[in-house]
Each structure stands twice: as structure tokens, then as C-alpha cells.
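Work through the exercises below with the sequence and the structure open beside you. Try each task before reading its solution.

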Amino acid sequence: GVESITSHKHGDMYSMMRPFDKDEYNYMLRSIEDIYDRFTLMVAEGRGMTQEAVDAIGQGRVWTGADALGIGLVDEIGTLEDAVNCVAGLAGDSELANWNVTAYPKPLDDMTRILLMLGNKKDIDEDAVKAGLKKLGNAQIVARMPYEIKIK
């Protein structure tokens with residue numbers, strides 16, 4: 001079995017080893033309601049709407065971009081690049097070269113992906129793998145699947 005040792009009655013509340021008790025459940029419910037209240041207030045202020053109007057169209061629903069545009073939740077439909085351009089302009093810097101977007105988690109480089117496919121990186125001679133890949137140069141590597149698909 002699992003036993004928790006804590007310095008407070010609710011010290012293991014987030015351990016997922018037991019369900020929330022009544023007090024913990026009520027605490028979580030209040031936290032969620034507080035977050036939702038702050039969110040709807042911020043949306044209302046940003047959109048020039050009443051908090052009640054935001055709540056009426058919210059309630060945890062998911063809106064398509066077109067529907068959100070129709071009910072005033074967004075100003076326009078665009079790409080991430082459009083959003084970065086808009087924010088750069090609002091910040092007074094229309095020179096997009098000063099702004100960039102970084103994806104997380106960052107994409108792995110080819111060598112790291114190869115090493116991960118081979119197994120535990122600590123057990124692999126990285127220099128030997130690099131030398132082998134260098135010998136291959138631009139050669140194409142072809143792998144055959146262990147099955148065939150026949151279409152009749």
C-alpha cells in the first residue's frame with residue numbers, strides 16, 4: 001500500500017493517491033470559479049462587453065474562429081504570423097526582424113533524433129555514428145516495411 005506522511009491534513013491533496021475530501025473538493029471548486037471569474041472579467045474588459053454577456057456565451061463551450069468572430073470574441077481571423085505582426089505594430093515596432101517565435105519543445109536536430117532511435121545515448125559512440133553518417137554523404141537510405149499491401 002501507499003502511505004503519505006505530511007505536515008498538514010491536506011499536504012498530499014495533489015498526490016493522486018486518494019480522492020479529494022469535501023474540504024479539498026470545495027477548495028478546488030472555488031479555485032476554478034475564481035479563475036473563470038477573472039478570465040471572463042478580462043475578456044469583458046478587453047472586448048468592451050459586460051461580464052454577464054461573456055459568461056452567457058462562454059460556459060466552457062468551444063467556438064470556431066468564424067463563430068467567435070461573429071459574436072465578437074475575436075477581431076479577425078489570422079495566422080500566428082499575423083498575430084506577431086499585429087503585436088509588433090501595437091508595440092510600436094513594425095520591423096518584424098526584431099520579433100521571433102520559438103516552438104517548444106524545440107525540434108530535435110537530426111543527430112539527436114538518430115541517437116534517440118538507437119537507444120540510450122550514454123551507450124552510443126556519438127563520434128562513430130557521426131563518422132558513419134558522413135561516409136553515407138547524400139546516399140539515400142531505403143527501408144522495406146515487414147509487410148506488403150496488395151490492392152485488388
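**Exercise 1.** Is glutamate 24 buried or exposed?

*Solution.* Before starting, note that this is a predicted model, in which local features need pLDDT of at least 70, side-chain atom pairs count only at pLDDT 80 or more, and totals for chains, interfaces and linings use all residues. Residues are numbered from 1 along each chain as its sequence is written, and side-chain values use heavy atoms, with hydrogens and water left out.

Step 1. Glutamate 24 has a relative accessible area of 1%, so the residue is buried.

Step 2. Locate the residue: glutamate 24 belongs to helix α1, which covers residues 22–47. Helices are DSSP runs of H or I with at least four residues, strands are runs of E with at least two, and both are numbered from the N terminus.

**Exercise 2.** Which residues is glutamate 24 in contact with, leaving aside its neighbours within four places in sequence?

*Solution.* Step 1. Contact means heavy atoms within 4.5 Å.

Step 1. With those neighbours set aside, the partners of glutamate 24 are Lys9, His10, Met13, Arg18 and Pro19.

Step 2. With histidine 10, the side chain of glutamate 24 makes a polar contact of 2.7 Å. A polar contact is a pair of N or O atoms within 3.5 Å; within protein, one must be able to donate a hydrogen and the other to accept it, and residues adjacent in sequence count only if both atoms are side-chain atoms.

**Exercise 3.** How many salt bridges does the structure hold?

*Solution.* Step 1. A salt bridge is a side-chain nitrogen of Lys or Arg within 4 Å of a carboxyl oxygen of Asp or Glu. Side chains of opposite charge can pair when their charged atoms come close.

Step 1. The structure has three salt bridges.

Step 2. In one of them, glutamate 24 pairs with arginine 18, with the closest N and O atoms 2.6 Å apart. Arginine 18 also bridges to aspartate 12, at 2.9 Å between the closest N and O atoms. Arginine 18 is partly exposed at 27%, while aspartate 12 counts as buried at 14% relative accessibility.

Step 3. Aspartate 75 forms a salt bridge with arginine 47, where the closest N and O atoms are 2.9 Å apart. This pair links distant parts of the chain, 28 residues apart: aspartate 75 is in the loop between α3 (65–70) and α4 (80–90), and arginine 47 is in helix α1. Aspartate 75 counts as exposed at 61% relative accessibility, and arginine 47 as partly exposed at 27%.

Step 4. Shared partners join Asp12, Arg18 and Glu24 into one salt-bridge network.

**Exercise 4.** Where in the chain is confidence lowest, and where is it highest?

*Solution.* Step 1. pLDDT is the predictor's confidence in each residue, from 0 to 100.

Step 1. The chain averages a pLDDT of 81, and 82% of the residues score at least 70.

Step 2. Confidence is lowest in helix α6 (residues 126–136), with a mean of 70, and highest in α1, at 94.

Step 3. Where pLDDT is low, the predicted coordinates should not be read in detail.

How values were computed: Buried means under 20% relative accessible area, exposed over 50%, partly exposed in between (1.4 Å probe, protein chains only).
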